[in-house]
Amino acid sequence: MHQPLQQPMARILSLLHSQTLVTLTGVRRTVVCRMSLEARARELFATAVEAVQPDAVVRRGVERKDDSLVIDGRTFALRNNLHLVGFGKAVLGMAAEAERIAGDHLVKGVISVPHGIQETLRCHGKSQMLLKDNSRIKVMEGAKHNLPDGDAQHAAQCIKQLASELTEKDLLLVLISGGGSALLPAPIPPISLEEKHDVTRRLAGAGATIQELNTVRRALSLLKGGGLAHVAHPAQVVALILSDVIGDPLDLIASGPTVRTDVWPEEVISILQSYKLSDSLPASVKEVLGRGSPRWENIKEESAGKGGVLNTVIGSNSIALKSAGRRARELGFRPVVLSGDVCGDVKAVSRLYGLLARFASSREEPAPELAAEMLRLGPEVGVESWDLCRTMQVLDEGRKEGWGATCLLAGGEPTVELTGKGRGGRNQELALRVGLELRGMELPPKGPMFLSGGTDGQDGPTDAAGAITDGGLWEEARAQGLDVEGTLKDNDSFTFLSKVSGGHRLLSPGLTGTNVMDVHMLLLPSIPIRIPNDPEADDRSLRYM
Ligand SMILES: Nc1ncnc2c1ncn2[C@@H]1O[C@H](COP(=O)(O)OP(=O)(O)OP(=O)(O)O)[C@@H](O)[C@H]1O
Ligand SMILES: O=C(O)[C@H](O)CO
């Protein structure tokens with residue numbers, strides 16, 4: 001409960017806020033007020049994705065100044081000496097922009113991109129992400145269904161060949177994005193592609209993390225873990241990276257082909273042992289692991305001189321969240337970024353979002369147990385206690401002082417324990433579970449709304465990227481006779497969300513051409529402050545929506 005002395009201050013703050021809305025952003029806010037909470041959620045997701053479009057990130061990360069490129073504050077002279085290679089799901093758009101910037105200085109390039117991507121981008125009208133007809137960059141499609149195959153292996157050989165022909169006068173631009181591991185398979189002989197693929201497939205199927213998976217991939221590859229930079233030596237190497245891994249670890253994104261990484265066979269064997277795979281390894285894999293650590297000593301990390309390697313992240317989940325936050329402010333929200341590192345099981349993640357919504361929406365002082373449970377759950381799902389405390393403090397202030405609607409943003413990549421055979425994805429299952437957590441709370445526009453979406457536009461093997469839910473989901477499902485429990489047991493969130501209210505809760509932007517993991521968004525409308533005898537108290541919240 002608010003103390004009597006705090007009430008005048010709350011009221012002053014609230015009035016100040018209303019005035020700011022009128023004087024500074026009056027025109028825009030009038031438009032904003034007419035947008036529904038759901039429309040704003042969709043727009044914020046689109047803004048997040050837009051900020052990390054492959055061509056946009058290259059444009060921001062690479063500046064052309066006369067006959068040089070400025071990247072990460074360093075200058076690289078262009079003397080018709082630029083070569084380009086790339087591998088990953090977003091690399092086509094990155095390459096198109098890089099070629100526009102470099103112009104005639106680009107001598108030659110090879111990129112390895114997913115099977116069918118050129119046709120898909122063409123169909124989606126994304127011509128800015130396609131190379132021009134007379135491009136000097138060769139596009140090689142492969143890795144159907146995100147699995148390394150003969151086509152991807154051939155592309156990897158061409159990339160290796162190009163890199164190996166460079167001299168110390170050359171500059172090699174390496175474009176890297178998620179999916180790059182499968183698109184650059186180069187098993188160390190005598191390991192065959194099938195054998196390497198079989199090991200990584202079994203590891204992934206047993207639930208290995210991307211850290212574990214790529215640690216193993218690095219140990220079995222000629223190009224991963226710094227191998228590509230090694231081959232390109234003595235050329236100057238500059239890698240532009242669009243990160244799809246939590247924390248943006250350079251050595252793990254696409255298994256770090258330009259990041260010198262020592263291989264410790266004991267570490268690799270211990271990972272394989274923990275998933276009970278060490279006994280069934282092919283002889284070739286055992287032989288390669290038995291050779292010790294043949295890594296690349298000639299790579300000069302982080303140096304911009306001849307033969308040096310510069311690795312720079314030009315796009316990531318945090319850039320997407322920041323951009324959504326800026327737009328959220330324009331759309332009448334106070335943006336708060338909870339964390340970009342959300343991981344762990346969707347059950348725990350959804351519980352945390354449910355608790356945060358209750359904490360923010362409570363008209364009374366929330367029970368201390370609420371904060372205690374959040375602090376217990378936070379570390380389980382990758383959210384630092386510090387970030388959680390900071391967020392709770394902001395939500396608490398907003399609740400007490402009537403600061404208006406809040407947009408809580410987070411990013412990362414939670415996991416789903418697959419127990420059924422239904423159709424769905426981690427974003428749809430998370431949104432469904434959060435909707436159930438919000439059950440009993442007020443409905444939008446007065447109550448909270450949640451969105452979870454994969455920035456690549458595809459959630460699991462479905463056509464949707466994610467979904468938008470609120471406290472009304474359970475009732476809607478019940479009215480339609482849908483079985484919520486059965487849906488969760490069967491991991492059938494896509495089928496469920498396609499049926500609930502005619503599928504309007506699904507988020508289906510189509511393939512976006514980029515990938516910086518997932519975006520989560522909890523929109524929390526303002527709650528009216530209790531001011532005795534104030535006839536406007538209940539309307540105040542509506543002013544901010
Ligand atoms: N029926 C389902 N319900 C919920 N989650 C599912 C279901 N089927 C697959 N998944 C999850 O979807 C994930 C795969 O999703 P997706 O194809 O979007 O790959 P990804 O990991 O996002 O790949 P990338 O990083 O390349 O985008 C896996 O984590 C898997 O557990
Ligand atoms: O390609 C890969 O290894 C994953 O997408 C992580 O970057």
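Two residues are in contact if their C-beta atoms, placed from the backbone, lie within 7 Å. Helices (H or I, at least four residues) and strands (E, at least two) are DSSP runs, numbered from the N terminus. This is a predicted model, where local features need pLDDT of at least 70, side-chain atom pairs count only at pLDDT 80 or more, and totals for chains, interfaces and linings use all residues. Residues are numbered from 1 along each chain as its sequence is written, with chains lettered from A and ligands numbered from 1 in the order in which they are written.

Select helix 14 (346-361) and helix 17 (426-437). Their axes sit 8 Å apart at about 40° (axes are lines fitted to C-alpha atoms, for helices over the stretch in contact; angles run from 0 to 180 degrees between N-to-C directions). Val346, Lys347, Val349, Ser350, Arg351, Tyr353 and Gly354 in helix 14 touch Arg426, Glu429, Leu430, Arg433, Val434 and Glu437 in helix 17.

Now show the whole open sheet, 6 strands in the order 11-12-16-13-14-15 with mixed pairing (a pair needs at least two DSSP bridges). Its edges are strand 11 (334-342) and strand 15 (506-507), each pairing on one side only. Strand 11 runs parallel to strand 12 (406-412), joined by 6 bridges. Zoom in on valine 342, opposite glycine 412 of strand 12. Finally, pick helix 16 (385-401), which packs on the sheet against strand 11 and strand 12.
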